[in-house]
Amino acid sequence: MATVAEQLKQSRAPKKTEDVGSIPQWKLMVRRFRQSKLSVIALFVLLIMYALMIFGDFLAPYPHNELDSNSAFVAPTKIVWGPQGPGVYGITQQLNQELLKWEYTEDPSIIYPIRFFVTGHEYRLFAIIPMNVHLFGLETPPGVTQKVFLWGADKEGRDLFSRVLKGSQVSLTLGFVGVVLSVTIGSLIGTTSGYFGGPIDNLIQRLIELIRSFPDLPLYMALAAALPLDVDILVRFFLITIIIALIGWTGLAREVRGKVLAYASLDYTNAALAVGASHWYIITRHLVPNAMSHIIVVGMLAIPGAIGLETALSFLGLGILPPAVSWGVLLRDAQTIQAVVAYPWLLLPVACLVIAVLSFNLLGDGVRDAVDPYG
Amino acid sequence: MLNFVLRRVVNMMVLLVVVSFVGFWIIQLPPGSILDVQMQRLRAQGGNLPESQIEALRQRYGVDDPFLVQYWKWISRSLQGDFGTSFQTDQSVAERIFNRLGISIGLSLTALLFTWLVSIPIGVYSATHRYTWPDYVITLAQFFGLSIPGFLLALVLLIVASQLWDQPIGGLFSTQFADAPWSIAKVVDFIQHIWIAVIVLAVGATAGLTRVMRANLLDVLNMQYIQTARAKGLTEAVVIWKHAVRNAIHPLVMSLGTLLPALVVGEALIAIILSMPTIGPLYLDALRSQDMYLAGTILVMLSALLLIGNLLADLLLAWVDPRVRLD
């Protein structure tokens with residue numbers, strides 16, 4: 001048994017502490033980030049979502065715009081275990097004359113097997129490699145056109161699962177690109193404004209004040225309504241991205257300006273000036289990196305808003321327009337309570353949207369704590 | 001103080017003029033005009049329009065005027081209280097807007113009140129009980145509140161309410177009350193119709209404000225004067241509500257300026273789902289059909305609301321916090 005003195009000695013012995021100063025900053029950041037469990041989970045969820053998005057065309061069994069009048073509003077197909085592995089029951093369609101609604105009955109005596117790595121419609125993986133192999137598909141005898149609808153079908157009989165995957169390619173990138181753009185614009189203009197001061201600062205601040213005098217959503221709506229309708233899908237995608245960026249930068253510019261105002265009078269800025277550094281050099285090498293952590297946090301927290309904005313605009317019919325799909329376009333099908341009660345799977349795109357936005361919010365929160373690991 | 005108010009009011013006036021100019025410019029950007037839309041519709045309905053009639057319509061709507069002339073016509077008439085005639089319905093713009101603006105603002109004020117009544121106590125509770133399980137539940141609920149799009153929440157609430165108890169769907173009144181004079185039954189019916197809208201409108205803002213309130217109060221609670229207050233034996237309730245909350249509430253006052261117009265605007269999506277006759281659907285409709293006087297007036301009016309809201313928030317802040325008055 002240890003004596004009291006020994007116990008005391010043990011408890012006084014320094015615990016394994018590290019010198020915080022000797023650990024590189026990024027390691028501290030990672031460590032702090034991993035402390036917030038919710039943020040780590042959110043990060044994994046987002047990584048999975050983006051992976052699904054990238055391989056979307058491979059995972060989607062059918063073209064997202066393939067119409068099928070035999071499958072209007074088919075409920076999500078039940079997967080059963082048949083003699084040849086997973087499969088689905090044969091389904092027959094008939095019209096309910098009273099409710100004027102298509103009804104589908106399963107025939108357990110017929111099982112069509114689900115096959116993996118089947119050849120299907122042509123697509124380009126990563127938009128480059130031409131391929132026609134899909135992860136899964138239904139094997140049906142010739143003459144039978146039944147499909148497997150993991151997430152059900154919409155009113156035109158289009159496969160919702162394929163559509164959600166296709167829509168994610170717009171919804172998950174548009175907001176992201178928009179925020180990257182607006183953060184770039186905002187940090188450059190904000191830094192310039194704070195660094196030069198005087199009339200330039202004044203002009204920029206008045207411009208920001210003007211933009212912020214408009215309520216956001218109506219301004220976005222007005223600008224989106226002014227976009228030409230008859231342009232290529234990709235062009236419209238970028239135009240909407242630019243609209244999101246053009247209005248979104250003002251808040252960040254203001255905050256960055258405030259930070260830079262503080263840095264601009266510090267010794268190291270003056271020293272750099274004295275040894276002949278150009279303004280551009282000082283801005284990009286000294287001021288922006290100093291405000292970087294702040295910029296990243298604001299950017300992260302702005303992404304969910306931008307994703308929601310795209311969805312809202314598309315939902316209102318002003319953003320991405322059919323035949324292109326985004327989650328907002330898919331939500332248009334779910335805007336009446338009658339449709340949602342009768343065909344609840346139409347809300348699946350909403351679930352994806354909520355998960356994505358929630359994850360971005362949680363991730364941004366974790367990053368905010370992590371970029372200041374000394375706090 | 002008077003100087004402060006005057007300066008802010010003049011600043012706001014100048015901004016409003018510029019805003020109206022830029023706003024009108026954006027609204028008339030799309031090529032073509034509602035006249036084209038109208039003529040297409042008329043042609044589709046019944047054959048050709050005589051050239052003279054088209055010319056008369058063009059004259060009347062001034063679609064061929066240069067931009068500055070259009071702007072001047074619109075703004076000078078607006079200042080006299082005549083906002084022009086909506087192309088679509090030939091109703092006066094003022095009539096169409098004010099009918100709906102009243103409902104929109106009423107709805108938003110109710111939602112605002114709801115937001116404050118809920119977010120302040122919850123924020124305070126969550127800050128004073130930091131890292132307990134109710135705090136975690138509140139935090140998670142906040143994230144959900146911020147993440148769920150309002151229109152989805154509206155749908156879900158509508159479904160739940162209509163399945164559980166006889167929730168009337170859509171509109172502001174049941175048909176039997178629509179034209180009836182105000183009575184208690186009508187008020188009850190009205191509340192039954194709008195409670196979902198109020199909650200849905202308030203949820204996002206409530207979640208945001210609760211977080212702000214929690215963060216601020218946590219900052220304030222670390223201050224020395226709080227320690228002093230505790231040390232001299234004040235009860236915890238007095239310390240929190242009289243000393244701490246009063247100083248933590250500034251951002252909530254400031255948010256008043258942006259919150260009101262945001263709520264007025266935010267109902268655009270929700271109103272479509274709940275089919276309520278408010279300003280949002282009207283604006284969307286005007287934009288789609290290129291009804292530029294109507295859309296322009298709404299846009300500028302909402303901006304004015306935003307600016308007035310900001311002004312009110314500034315004044316309120318100056319009143320709450322003497323330090324603001326100094327500069």
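Student: Which residue is the bridge partner of Arg124(A) in β4(A)?
Tutor: In this predicted model, Arg124(A) has Pro130(A) in β4(A) as its bridge partner.

Student: How many bridges join β3 of chain A to β4(A), and how do the two strands run?
Tutor: There are 8 bridges between β3(A), residues 101-125, and β4(A), and the two strands run antiparallel.

Student: What sheet do they belong to?
Tutor: They belong to an open sheet of 4 strands in chain A, ordered β1-β2-β3-β4, with antiparallel pairing. Its edge strands are β1 (80-82) and β4 (129-138) of chain A, each of which pairs on one side only. On average, neighbouring strands of this sheet are turned by 45° against each other, direction ignored.

Student: Turning to chain B, how many helices and strands does it have?
Tutor: Chain B has 14 helices and 0 strands. Of its 327 residues, 36% are buried. Among its contacts with a separation of 6 or more, 76% are between residues 24 or more positions apart.

Student: How do α1 and α13 of chain B cross?
Tutor: The axes of α1(B), residues 2-27, and α13(B), residues 292-320, come within 9 Å and cross at roughly 160°. The two helices are therefore roughly antiparallel to each other. Their crossing is right-handed.

Student: Which residues of α1(B) and α13(B) meet there, and of what class?
Tutor: The residues from α1(B) include Phe4(B), Leu15(B), Val19(B) and Phe24(B), and those from α13(B) include Leu299(B), Val300(B), Leu307(B) and Leu311(B). By class, this contact has 17 nonpolar, 4 polar and 2 charged residues.

Definitions and conventions
Residues are numbered from 1 along each chain as its sequence is written. Chains are lettered from A and ligands numbered from 1 in the order in which they are written. This is a predicted model: local features need pLDDT of at least 70, side-chain atom pairs count only at pLDDT 80 or more; totals for chains, interfaces and linings use all residues. Axes are lines fitted to C-alpha atoms, for helices over the stretch in contact, and angles run from 0 to 180 degrees between N-to-C directions. Angles under 35 degrees count as roughly parallel, over 145 as roughly antiparallel, 65 to 115 as roughly perpendicular and the rest as oblique. A crossing is left-handed if the near helix is turned anticlockwise from the far one by less than a right angle, and right-handed if clockwise. Two residues are in contact if their C-beta atoms, placed from the backbone, lie within 7 Å. Ala, Val, Leu, Ile, Met, Phe, Trp, Tyr, Cys and Pro count as nonpolar, Asp, Glu, Lys and Arg as charged, and the others, Gly among them, as polar. A residue is buried if 20 or more other C-beta atoms lie within 10 Å of its own, exposed if 12 or fewer, and partly exposed in between; C-beta atoms are placed from the backbone. Two strands pair if DSSP finds at least two bridges between them.
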